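This briefing goes through a protein model with its DNA strands, topic by topic. The sequence and the structure come first.

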Amino acid sequence: MKNNANRVIFHIDVNSAYLSWAASDRLQHGETLDIREIPSAVGGDPVSRHGIILAKSIPAKKFKIQTGETLYAALQKCPDLFIVSPQYDLYMRCSNALVSLLKEYTPDIQRFSVDECFLDFTGMENLYQDYLKLAYEIKDRIKKELGFTVSIGISNNKLLAKVASDIKKPDAFITLFPHEIKDKMWPLPVEDLFMVGRATLPKLHNLNIFTIGDLANYDLKLLKGKLKSHGVMIWNYANGIENSEVRKSNHINMKGIGNSTTIPFDVDNREEAHKVILSLCETVGMRLRNSQNCCSLVEVHFRTNEFYNCGRQRKIYYYTDSTKKISETAYELFDELWNGEPLRHIGVRVSELCTNDFCQVTLFEEKDNAKNSAIDKVVDSIRMKFGSKAIIRGTFLNSGIKPLMGGVEEDDYQIMTSIL
DNA sequence: TCTGGGGTCCTAGGACCC
DNA sequence: TCTGGGGTCCTAGGACCC
């Protein structure tokens, strides 16, 4: 923990990231229409049951288009809404380009999500005398060199910097230091506070808390009684109290790896479900090995066609990174959990990770293990060299199920944390 | 042909041990 | 037959984030 008083933290947030990135990519490919300037959105394909809005332009906001709503609902509100498909590899490239530019300014960068970073400039007064000038330079360089805009929030802790970057956008920077909390943060609706979501909001409204200021000035003991530790946390946030480090994200503090998918059709037989699970495990296993980790907890979850969600997890008493081991455990869990309902979504996740240096295996499995590991290694290297489609399991031929589901990212980095 | 996918953390209950 | 309490581990489910 550091004394906050002298810290300088930037939070950088790409404005409507997916949409901006799609827009600048289109312009670079010779299109003349800038979709940021018309009602537009990034959305999945309803035919394959991925039909939700992932990002929207500022003009689309005027039609009350919301992230997460169905394309169907969005088109009701705005029939002329211009919709583009998501391109996850593009987002990753843009995100990487952003981070490399930011690294020219400080090595202390925490990648908080694909489109958000924290930068720590503490103790760099000699290099940057004027942080406002610095923010201005960074935002303008990104705009000029990368073709999209960002918002920058500046404060002495991450929470305030993050709230700040949300206040003024697009293409802006703003400070939110402790002495500015009262004027700049307290008037905001309480749902603008980090960690106040769908479930907390009605509870706060019941307590007559509507603004961040209401929350900040509420009796802490009362709040703790109603909302437990979460209440204490958001009360601290409302008062600008937060002192976590800007920590470089890497696979050492990664907690788990998951892969899930909504299948274009309902899966209603065990064999097919197992194929989907195997396909998901291929990606999970590869990412696990890529990050040089082993896991000892496997979880399977699914969503029925009636949107009932459930999951099952099991601790395995050894560490593994073998696709075969993970998928076998996943099959077991699935078979125990599934009652035959038609499924629209299936997921696999592994956690309880440790580095694979001293991967402990049970003695009698030693031989089997070596064989699995050898197979995984060969398959990984072929896919690395020739692409993920270069080698697939015979099981998937003519099955209608993709042999590797989910994104396979070249660059392994921690996606998101729910804590700062 | 309405409803994605990737994460982290917290809580509560039951099993089990001393 | 009745009576405890504390600690840890495991699992399920929910909340939050982008």
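A nonpolar core is a set of buried Ala, Val, Leu, Ile, Met, Phe, Trp, Tyr and Cys residues joined through side-chain atoms within 4.5 Å. Buried means under 20% relative accessible area, exposed over 50%, and partly exposed in between, with a 1.4 Å probe and protein chains only. The largest nonpolar core has 39 residues, and Phe 10, Trp 21, Leu 102, Phe 121, Ile 138 and Ile 142 have the most contacts inside it.

The model is a predicted one, in which local features need pLDDT of at least 70 and side-chain atom pairs count only at pLDDT 80 or more, while totals for chains, interfaces and linings use all residues. Residues are numbered from 1 along each chain as its sequence is written, chains are lettered from A and ligands numbered from 1 in the order in which they are written, and side-chain values use heavy atoms, with hydrogens and water left out.

- Helices (H or I, at least four residues) and strands (E, at least two) are DSSP runs, numbered from the N terminus.
- Helix 4 supplies the largest share of this core, eight residues.
- A second, separate core has 34 residues, including Leu 288, Ile 316, Tyr 331 and Leu 337.
- Beyond its neighbours within four places in sequence, Phe 10 has contacts (heavy atoms within 4.5 Å) with residues including Phe 118, Phe 121, Ile 138, Ile 152 and Ala 161.

**DNA strand B**

- There are 30 residues around DNA strand B, and the closest are Gly 258, Asn 259, Ser 260, Thr 262 and Arg 287. A residue is near a molecule or strand if one of its heavy atoms lies within 4 Å of it.
- Of the atoms of DNA strand B that come within 4 Å of the protein, 66% belong to sugar and phosphate.
- Polar contacts are pairs of N or O atoms within 3.5 Å; within protein, one must be able to donate a hydrogen and the other to accept it, and residues adjacent in sequence count only if both atoms are side-chain atoms.
- Phosphate oxygens of DNA strand B lie 2.8 Å from a polar side-chain atom of Ser 229, 3.4 Å from a polar backbone atom of Gly 256 and 3.4 Å from a polar side-chain atom of Arg 303.
- Helix 10 (220-238), strand 9 (256-267) and strand 12 are the elements that give two or more residues to this surface, with the largest share, seven residues, from strand 9.
- The surface near DNA strand B has nine nonpolar, 14 polar and seven charged residues. Ala, Val, Leu, Ile, Met, Phe, Trp, Tyr, Cys and Pro count as nonpolar, Asp, Glu, Lys and Arg as charged, and the others, Gly among them, as polar.

**DNA strand C**

- DNA strand C is surrounded by 19 residues, with Asp 115, Ala 199, Thr 200, Gln 313 and Lys 315 the closest.
- Sugar or phosphate accounts for 89% of the atoms of DNA strand C within 4 Å of the protein, and bases for the rest.
- In the side chain of Ser 113, an N or O atom is 3.4 Å from a sugar or linking oxygen of DNA strand C.
- Strand 11 (residues 309-320) gives the most to the surface near DNA strand C, six residues; that surface has six nonpolar, six polar and seven charged residues.

**Buried positions**

- Leu 343, in strand 12 (residues 343-351), is buried at a relative accessible area of 0%. Its contacts beyond four places in sequence include Arg 49, Phe 265, Phe 302, Arg 303 and Trp 338.
- Thr 106 is in the loop between helix 4 and strand 5 (109-113) and counts as buried, at 1% relative accessibility.
- A polar side-chain atom of Thr 106 lies 3.2 Å from the backbone oxygen of Asp 120.
- In helix 6 (residues 158-167), eight of the 10 residues are buried, among them Lys 158 and Lys 162.
- Asn 157 caps the N-terminal end of helix 6, with a side-chain oxygen 3.1 Å from the backbone nitrogen of Leu 159.

**Confidence**

- Chain A has a mean pLDDT of 91, and 94% of its residues reach 70 or more; pLDDT is the predictor's confidence in each residue, from 0 to 100.
- Residues 408-418 have pLDDT below 50, and this stretch has 26 contacts in the model beyond near neighbours in sequence.
- Where pLDDT is low, the predicted coordinates should not be read in detail.
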